[in-house]
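My notes are below, in the order I went.

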Amino acid sequence: MESKALSLIRETAWSGMAAVMMSAGRLAIAIFLARRLGPAQFGDFVFIQWLVEIIFLLCSFGLTGVGSRFFAEYRSAGLGDFQDFVLWYRQRAIFVVMMAAIVTPTIAYIFADTKSFFGLISVSIWAIGNAVLAIATARAQGLQFFKRVAISNLLFVTSTFCGVYLLPKQYNSAEVMMMIFGIATLISSLVCIFAVVPKFSDVFSNVPTFSSSAVSSYATNVWISATISAMVWSRAEISVVRGMLNTTDVALYSTALTLSGLVSMAVALGTGALGPKIAHLWGQGLIHEIVGLSRTVTDILIFISGVAAGLLIIFSGEILVIAFGPKYDGASLVLAVLGVGVMGLSSGCVNTVIQYKTNGKFSRNVNLLGGILLFSLVIPLVWKFGIIGAAVGRCVAQLFVATITFVYALRYVSKKIINIKNIFWITFLFSLLILISTLIGNSEILKKLMLYFLFVCGLFCFLKIGPSELRPISWCKSNFYYRFKVLK
C-alpha cells in the first residue's frame, strides 16, 4: 500500500511539474507577444491559436481521451491486446494529423486575416505540430510517463521563448510567430514519441480484452464531450467577440482569459496523473479506492481553486498591468469575473470518475448543456455589454457544469465522493469575498492584501482537507480549549 501511495505521489509530482512549466511558460510567452506585437496583431495571433486548438479537437474524434485511458487500461490486459490497441491508435493518429494539416489553414483563410502563402504554411505547420504533440502526450500520460511529459513541456517553452526572443524586430508579425510555435511543438513532441513501452508485469483477468467497437464508442463520447467542453472551459466565445466587436477587444479579452486559463491549465495538468490512475483502479474494480481518492483530490482542488480565484478577483487590475502593461488595463473587471468561474475546476476529478462510469456519456451531455447555456448568454451579453458580457456568460456556464457534476456524483456514484461541508464553506466564503471586494472597490493595495490574507485564513480554517485532526480550527480546539478546561 505504501509503494502505491509513493508511486501516486511521484507521478502527481511530475505531472504538477509539467503543469507549472507549461503554465508559467505560456504566461511568459503570452506577455512577451502581447507587448511585442501590440493589441491588434496579438488579437489576430490569439484567434489563429484558438482555431488551431478547436479544429484539432474537431478532427481528433476523441483520440487523446482514448490514449490517456486505454494505454493505462490495456497494460493490464496482456501483450496481445495491448499491441492491437497500439495499432488501432497509430492508424487513427496519422489520419487526425493529416486532417488538422488540411482543415486548419482552410478555415483560417476563410475566417481570419491570414491570406498570404507564408501565413497559411505557418498555420498548417502549427496545426501539425499541435496535433502530434497532443497525441504523443496522451500516449505518454496513459503509459504514466509523466517525467517525459514534463521534459516535453520544458522543451516546448524553451524553444518557443528562444525563437520569439531572438527574432529580429523587423520580422515582428503574427505569421512569423505562428511558424515559431509550429516548429517548437514538433520539436517537443519527439520526447513523448520515442518513449519506450515498459515490460508487462501484472495481468488482471477481469480487464476486458481489446474491442475496437468499445474503444470507438468511448472515443465518440469523449470526442463530443471534449469539443463541447472546450467551448465551455476553453475560449470558444472569442469567435463571438471577434465577430461582434474587433481585434483590440479580442486582445483585451484574451489577456484576461489567458491568466484565468493558465490557472485552469495548471490545476488540470497538476491532476493529470489521476486520470490513468483512476483508469487502472477502474479496470481492477476497486471502486471504494476510487471514491476515497476522488474525495481527497476534490477537497484539495476546492482549496487550490479558491486560493487562485481569490487572487484573480482581488488583484485583477494589478496583475494585468504588471503582466501585459497599461494598454491592457481595460480588462481588469473581465479578469475578476473570470476568476469566479475558476471555482468550477474543483469538479475535475469527480467528472473523470463519472466519465468512466458512464463511458463518457455524462460528460458529453452535461457539456452540451453547458455549451448551449454559454452561447445563449454570450451572444446577447456581448451585444449589450461588450467583453464583460462574454466573461459573465463563461462564468455562469462553468459553475453550472460543476454544480450538475457534483449533484450527479452524489446521487449515482457515492454520497461519500464529495464533502458537502466544503462546498458550503467555499460558497459562503466566496460570496463574502465578492461582497467586500465590491464595497472596497479599487482601494489601496494594503487593504487588498489584508482582505486576501483573511480569505486564505478562512479557507485554511473551515475547509476539511484530510483527517479532521489536521484542520487548523480542530488543532486550536484540541491544543487550547481542552488544556484550558483541564487547568480550570
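**Ground rules.** I am working from a predicted model, in which local features need pLDDT of at least 70, side-chain atom pairs count only at pLDDT 80 or more, and totals for chains, interfaces and linings use all residues. Residues are numbered from 1 along each chain as its sequence is written, and side-chain values use heavy atoms, with hydrogens and water left out.

**Cavities.** I searched the whole structure and got two cavities of 30 Å³ or more. A cavity here is a set of points, on a 1 Å grid over the protein atoms alone, where a 1.4 Å probe fits but cannot get out; lining residues have an atom within 4 Å of a point. I looked up the second largest cavity, which holds about 30 Å³ (grid points are joined across faces, edges and corners, and the volume is the space filled by probe spheres set on the points).

Which helices supply its lining? H1 (2–60), H2 (63–73) and H7 (212–233) each give at least two residues; helices are DSSP runs (H or I, at least four residues), numbered from the N terminus. H7 gives the most, with four. Among the lining residues I noted Leu-57, Gly-62, Thr-64 and Trp-223. The lining has four nonpolar, five polar and no charged residues. For these classes, Ala, Val, Leu, Ile, Met, Phe, Trp, Tyr, Cys and Pro count as nonpolar, Asp, Glu, Lys and Arg as charged, and the others, Gly among them, as polar.

**H5 and H6.** Next I checked H5 (residues 146–166) against H6 (residues 174–193): about 155 degrees, axes 8 Å apart. Axes are lines fitted to C-alpha atoms, for helices over the stretch in contact, and angles run from 0 to 180 degrees between N-to-C directions. The pair is therefore roughly antiparallel (under 35 degrees counts as roughly parallel, over 145 as roughly antiparallel, 65 to 115 as roughly perpendicular, the rest as oblique). H5 passes H6 in a right-handed crossing, meaning that the near helix is turned clockwise from the far one by less than a right angle. The contact (heavy atoms within 4.5 Å) includes Leu-155 and Phe-156 of H5 and Phe-181 and Ala-184 of H6. I got twelve nonpolar, seven polar and one charged residue there.

**H12 and H13.** H12 (residues 316–324) packs on H13 (residues 332–341) at about 120 degrees, with axes 8 Å apart, so the two are oblique. H12 also passes H13 in a right-handed crossing. Ser-316, Gly-317 and Leu-320 in H12 meet Ser-332, Leu-335 and Ala-336 in H13.

**H13 and H16.** I then followed H13 to H16 (residues 387–412), where the axes come within 8 Å and cross at roughly 5 degrees. These two are therefore roughly parallel. Their contact divides into eleven nonpolar, two polar and one charged residue.

Definitions and conventions: 1 Å grid on protein atoms, 1.4 Å probe; cavity = no way out; pocket = protein on both sides within 12 Å on 5 of 7 lines; lining within 4 Å.
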